[in-house]
Amino acid sequence: MSNAAAAFQTKQTGYLPDQLKFDWIDVRQGFARGRFDVAKQHLAPNGYLHAATVVALADTACGYGCMTSLPEGASGFTTIELKANFLGTALEGGVICEARLLHGGRTTQVWDAEVKSEISGKTIALFRCTQILLSQTRGTQ
């Protein structure tokens with residue numbers, strides 16, 4: 001686990017990524033890798049992996065990567081658009097996600113993520129999101 005991954009692992013305590021038991025392997029500028037072991041909390045009532053679980057993993061990976069890739073003067077970000085294509089599922093074992101920065105501008109970032117089953121190696125989902133970067137405010141209003 002990288003130092004940044006460990007820091008994000010701690011920072012997520014009590015929040016959704018912690019509730020979903022997401023583990024971070026590597027987080028660095030332009031890249032993030034995280035995973036979880038499939039459990040009942042990740043499934044929809046029909047017994048299949050819930051789409052929201054997959055989106056949460058991919059969006060969190062992109063978000064953590066974005067935080068490590070902020071340009072000078074940016075204080076944070078928020079997601080302004082996301083898209084997911086679901087290609088499969090995982091009913092057991094681990095699910096892993098790798099997120100990569102495609103565009104790192106002064107005001108926006110675009111990230112792609114691929115979510116895979118660790119058992120089969122098959123792609124479960126492809127994900128893309130756009131982040132708007134927030135600037136540090138100076139003075140009072």
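**Close look**

Modeller: Ser120 sits in the loop that runs between strand S5 (108–117) and strand S6 (123–135). Helices (H or I, at least four residues) and strands (E, at least two) are DSSP runs, numbered from the N terminus. The model is predicted, so local features need pLDDT of at least 70, side-chain atom pairs count only at pLDDT 80 or more, and totals for chains, interfaces and linings use all residues. Residues are numbered from 1 along each chain as its sequence is written, and side-chain values use heavy atoms, with hydrogens and water left out.

Ser120 has a relative accessible area of 45%, so it is partly exposed. The classes are buried (under 20% relative accessible area), exposed (over 50%) and partly exposed in between, with a 1.4 Å probe and protein chains only. Its side chain reaches the backbone nitrogen of Lys122 at 3.1 Å. That is a polar contact: a pair of N or O atoms within 3.5 Å, where within protein one must be able to donate a hydrogen and the other to accept it, and residues adjacent in sequence count only if both atoms are side-chain atoms.

Arg128 and Asp112 join their side chains in a salt bridge (2.6 Å, N to O). Arg128 is in strand S6 and Asp112 in strand S5, so this pair ties together parts that are 16 residues apart in sequence. Arg128 is partly exposed at 42% relative accessibility. Asp112 is partly exposed too, at 26%. Elsewhere, salt bridges with shared partners link Arg33, Glu98 and Arg100 into one network. A salt bridge here is a side-chain nitrogen of Lys or Arg within 4 Å of a carboxyl oxygen of Asp or Glu. The count by this rule is six.

Glu98 is partly exposed, with 23% relative accessible area. Arg100 is also partly exposed, with 42%. Another salt bridge pairs Arg28 with Asp26 (2.9 Å, N to O). Asp26 is buried at 14%, whereas Arg28 is partly exposed at 43%.

Lys21 lies in the loop between H2 and strand S1 (23–28). Its phi is near 60°, a positive value in a residue other than glycine. Most residues other than glycine have a negative phi. Lys21 counts as exposed, at 52% relative accessibility.

Last, the pocket. On a 1 Å grid over the protein atoms alone, a pocket is an open set of points where a 1.4 Å probe fits, with protein on both sides within 12 Å along at least five of seven lines; lining residues have an atom within 4 Å of a point. Points are joined across faces, edges and corners, and the volume is the space filled by probe spheres set on them. The largest pocket has a volume of about 300 Å³. It is lined by 14 residues, and the closest to its centre are Pro17, Thr60, Gly63, Tyr64 and Phe77. Helix H1 (3–11), helix H2 (16–19), helix H3 (51–68) and strand S3 (74–86) each give two or more residues to this lining. H3 gives the most, with six. By class the lining has eight nonpolar, four polar and two charged residues. Nonpolar means Ala, Val, Leu, Ile, Met, Phe, Trp, Tyr, Cys and Pro; charged means Asp, Glu, Lys and Arg; the others, Gly among them, are polar.
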